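Hi everyone, thanks for coming along.

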Amino acid sequence: MGGTFGTAGGKAGAPAMTSLAALRSGAGLVTAAVPAPALPIVAQFAPELMTWPLAASAAGEISANNFAPKKIAALTAGITVLAIGPGIGQSRGTVQFTTEFLSCTQIPAVIDADALNILARKQALLAKLSRKGGRTVVLTPHPGEMARLVGATVAEVQANRLETARIFAQRFGVTLVLKGALTLIAHPDGRVAVNTTGNPGMAKGGSGDLLTGLIAGLLAQYPDDVPRAVEAAVYLHGLAADLAVRDGDEHTLLATDCLAKLAQAFSSHAHRFSSGAQKGYVWLQGALHAAGEFPRSAGSNCVRQSSMRAEQ
């Protein structure tokens with residue numbers, strides 16, 4: 001759920017990319033709920049994508065008029081995971097709708113972008129949404145959004161990323177994905193996983209929208225294994241970007257280039273280690289090297305460890 005399209009600007013691409021990533025993750029059915037003016041644009045991205053028109057303000061933003069029991073019941077019927085925030089904006093009506101919608105539903109939620117900025121001003125709502133109340137909630141902030149969530153500066157967040165993520169996840173009972181170089185996945189029980197894939201080209205707009213969709217799609221398929229579903233989504237997102245730069249470079253990388261590489265990322269060989277020094281999942285790219293897809297170099301690393309338990 002997200003997007004704007006009108007005099008307030010156009011951000012129809014964000015929910016479209018989120019929805020496409022969820023489809024590529026293996027989710028069976030994906031519905032993009034967007035302001036009605038944005039629907040024709042979002043719908044044209046893929047014929048497999050279902051859409052839901054939301055009432056829009058004159059500026060093309062989601063209106064508070066969408067919040068009515070019958071409308072919410074119809075919108076959420078059959079939905080197993082909610083992804084909310086990409087391109088959604090922060091207009092008064094959107095803030096009201098987002099707040100009320102999250103408050104009245106119990107659907108597992110992946111919350112990103114402006115929905116995070118809305119929650120940053122409503123800490124009591126964030127506490128209400130958490131798993132402490134029986135709901136799976138995943139937050140995916142970049143450092144700026146994290147700073148707003150904790151009431152700190154970006155520099156303060158970056159100086160102590162691991163503990164900031166861990167403390168927040170424990171306090172609110174959420175899974176927190178703190179994006180950036182070596183993205184962190186902090187769990188409510190205090191564990192923090194460190195991702196090892198990805199490259200600087202992912203700093204461009206749209207990358208986070210894809211990640212939101214991947215997380216939502218894997219959560220829909222593995223609702224009883226939240227930690228591994230989220231960690232795998234983060235890892236595969238970065239791996240797809242790494243695969244994409246093999247065909248180009250970080251400077252020209254676009255988020256949609258990563259989308260095109262998700263199939264290859266998912267087909268990389270995965271092995272599980274349950275004991276010894278390596279615990280968790282390791283994707284082996286040796287088969288890709290053997291097939292001649294990746295040229296070997298002195299600096300290449302054909303064994304990438306995903307989301308290892310950095311701290312217990």
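**A first look around**

Of the 312 residues in the chain, 54% are buried, where buried means under 20% relative accessible area, exposed means over 50%, and partly exposed is in between, using a 1.4 Å probe and protein chains only. Please keep in mind that this is a predicted model, where local features need pLDDT of at least 70, side-chain atom pairs count only at pLDDT 80 or more, and totals for chains, interfaces and linings use all residues. Residues are numbered from 1 along each chain as its sequence is written, and side-chain values use heavy atoms, with hydrogens and water left out.

The chain has 14 helices and 14 strands. These are DSSP runs numbered from the N terminus, with helices being H or I of at least four residues and strands being E of at least two. Among the contacts with a separation of 6 or more, 63% are between residues 24 or more positions apart; contact means heavy atoms within 4.5 Å.

**Helix 10 and its partner**

Let's start with helix 10, residues 207–221, and helix 11, residues 226–246. Their axes are 9 Å apart and the packing angle is about 145 degrees. For axes, think of lines fitted to C-alpha atoms, for helices over the stretch in contact, with angles from 0 to 180 degrees between N-to-C directions. Helix 10 passes helix 11 in a right-handed crossing. A crossing is right-handed if the near helix is turned clockwise from the far one by less than a right angle, and left-handed if anticlockwise.

Which residues meet here? From helix 10 we have S207, L210, L211, L214, I215, L218 and L219, and from helix 11 they meet V226, A229, V230, A232, A233, V234 and H237. By class, that contact has 12 nonpolar, two polar and no charged residues. Ala, Val, Leu, Ile, Met, Phe, Trp, Tyr, Cys and Pro count as nonpolar, Asp, Glu, Lys and Arg as charged, and the others, Gly among them, as polar.

Now zoom in on L219 in helix 10. Is L219 buried or exposed? It is buried, with a relative accessible area of 3%. Leaving aside neighbours within four places in sequence, L219 is in contact with V81, V110, V138, V226, A229 and V230. Take A229 from that list: L219 and A229 are 10 residues apart in sequence, and their C-alpha atoms are 5.8 Å apart in space.

A220 is also in helix 10, and A220 counts as partly exposed at 32% relative accessibility. Not counting residues up to four places away in sequence, A220 touches T80 and V81. A220 and G28 are 192 residues apart in sequence, yet 9.0 Å apart in space, C-alpha to C-alpha.

Next, helix 3, residues 69–76, packs with helix 4 at an angle of about 70 degrees, with the axes 12 Å apart. That makes helix 3 roughly perpendicular to helix 4; the cut-offs are 65 to 115 degrees for roughly perpendicular, under 35 for roughly parallel, over 145 for roughly antiparallel, and oblique for the rest. The crossing of helix 3 and helix 4 is right-handed. I72, L75 and T76 in helix 3 meet F97, F101 and C104 in helix 4, and the classes are five nonpolar, one polar and no charged residues.

Helix 4 covers residues 92–104 and includes T99. T99 is buried, at 16% relative accessible area, and, leaving aside neighbours within four places in sequence, T99 is in contact with I118, K122 and L125.

How do helix 5, residues 113–120, and helix 7, residues 143–150, cross? Their axes come within 8 Å and cross at roughly 20 degrees, so the two helices are roughly parallel to each other. Helix 5 passes helix 7 in a left-handed crossing. On the helix 5 side are A113, L116, N117, L119 and A120, which meet E145, R148 and L149 in helix 7. Those residues divide into five nonpolar, one polar and two charged.

A113 lies in helix 5 and is buried, with a relative accessible area of 16%.

**A strand to finish**

Finally, in strand 3, residues 31–35, four of the five residues are buried. Strand 3 pairs with strand 4, residues 50–54, in the parallel sense over five bridges, where pairing requires that DSSP finds at least two bridges between the strands. P35 has L54 in strand 4 as its bridge partner.
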